[in-house]
Amino acid sequence: MKEDCIFCKIANGIIPSYTLYEDDDFRVIFDLGPVSKGHALILPKEHYANIYELDEEIASKVFVLAKKMATAMTEAFGCDGFNILQNNNEAGGQTVFHFHMHLVPRYEGDGAIKFGKAGEAVEEKLKELEEKVKEVLNSK
Ligand code: 5GP
Ligand code: ZN
């Protein structure tokens, strides 16, 4: 646990929260600034700042839990769709630097989350980017 981390304190029950789900590894809570009705967060109990630091076993468990929660929340709230998203670093929109996954129930026409204007996929650029990623993957 990291001393000055608010999500460490919430995940480990030091600060009380409405808890939708809890097990040995995770606590699922409601977001304090919901973008839609029922917006929740999956918090690992261990501190990892972001996806780069995340333990692989926790990483494999987190999406299984996201599926379980999305299914239960969809039935409970009667939402029409669902977004699962996860921000990393300031440039990625992260504001609390303890890994978390957003569970966002969506309702027809709510406009809760929108991506920016779509760019254009340029063939040569894609080839160059593909090669760069493969180079890194193959070096591991
Ligand atoms: P991020 O932008 O880092 O992906 O998301 C941080 C989220 O945490 C935001 O949606 C924000 O509303 C929520 N949040 C920030 N502080 C607290 C808090 O103390 N309690 C809860 N439940 N949510 C918080
Ligand atoms: Zn933390």
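This is a predicted model: local features need pLDDT of at least 70, side-chain atom pairs count only at pLDDT 80 or more; totals for chains, interfaces and linings use all residues.

Biologist: Which residues coordinate the zinc ion (ligand 2)?

Modeller: Along the chain, the donors follow the spacing C-x2-C-x38-H-x50-H. Cysteine 5, in the segment before helix 1, and histidine 98, in the loop between strand 4 and strand 5, are 93 residues apart, and the pair links distant parts of the chain. At 2.0 to 2.3 Å, the zinc ion (ligand 2) is coordinated by Cys5 (SG), Cys8 (SG), His47 (ND1) and His98 (ND1).

Biologist: What is the arrangement of the four donor atoms around the zinc ion (ligand 2)?

Modeller: For four tetrahedral donors, the ideal angle at a metal is 109.5 degrees. The four donor atoms around the zinc ion (ligand 2) subtend angles of 104 to 115°, and therefore the arrangement is tetrahedral.

Biologist: Which residues of helix 2 are buried, and what covers them?

Modeller: On the other side of helix 2, Glu57, Phe63, Val64, Lys67 and Glu75 are exposed. The buried residues are Ile58, Val62, Leu65, Ala66, Met69, Ala70 and Met73. They cover an arc of only 150° around the axis, so they lie on the same side of helix 2. What covers these buried residues includes strand 1, strand 2, strand 3, strand 4 and strand 5.

How values were computed:
Residues are numbered from 1 along each chain as its sequence is written. Chains are lettered from A and ligands numbered from 1 in the order in which they are written. Side-chain values use heavy atoms; hydrogens and water are left out. Donors are N, O and S atoms within 2.8 Å of the metal (3.2 Å for Na, K and Ca); water is not among the atoms, so sites may look incomplete. Four donors count as tetrahedral if all angles lie between 85 and 135 degrees; four count as square planar and six as octahedral if opposite donors are over 155 degrees apart and all others between 65 and 115; anything else is irregular. Helices (H or I, at least four residues) and strands (E, at least two) are DSSP runs, numbered from the N terminus. Buried means under 20% relative accessible area, exposed over 50%, partly exposed in between (1.4 Å probe, protein chains only). The arc is that of the directions from the helix axis to the C-beta atoms. Contact means heavy atoms within 4.5 Å.
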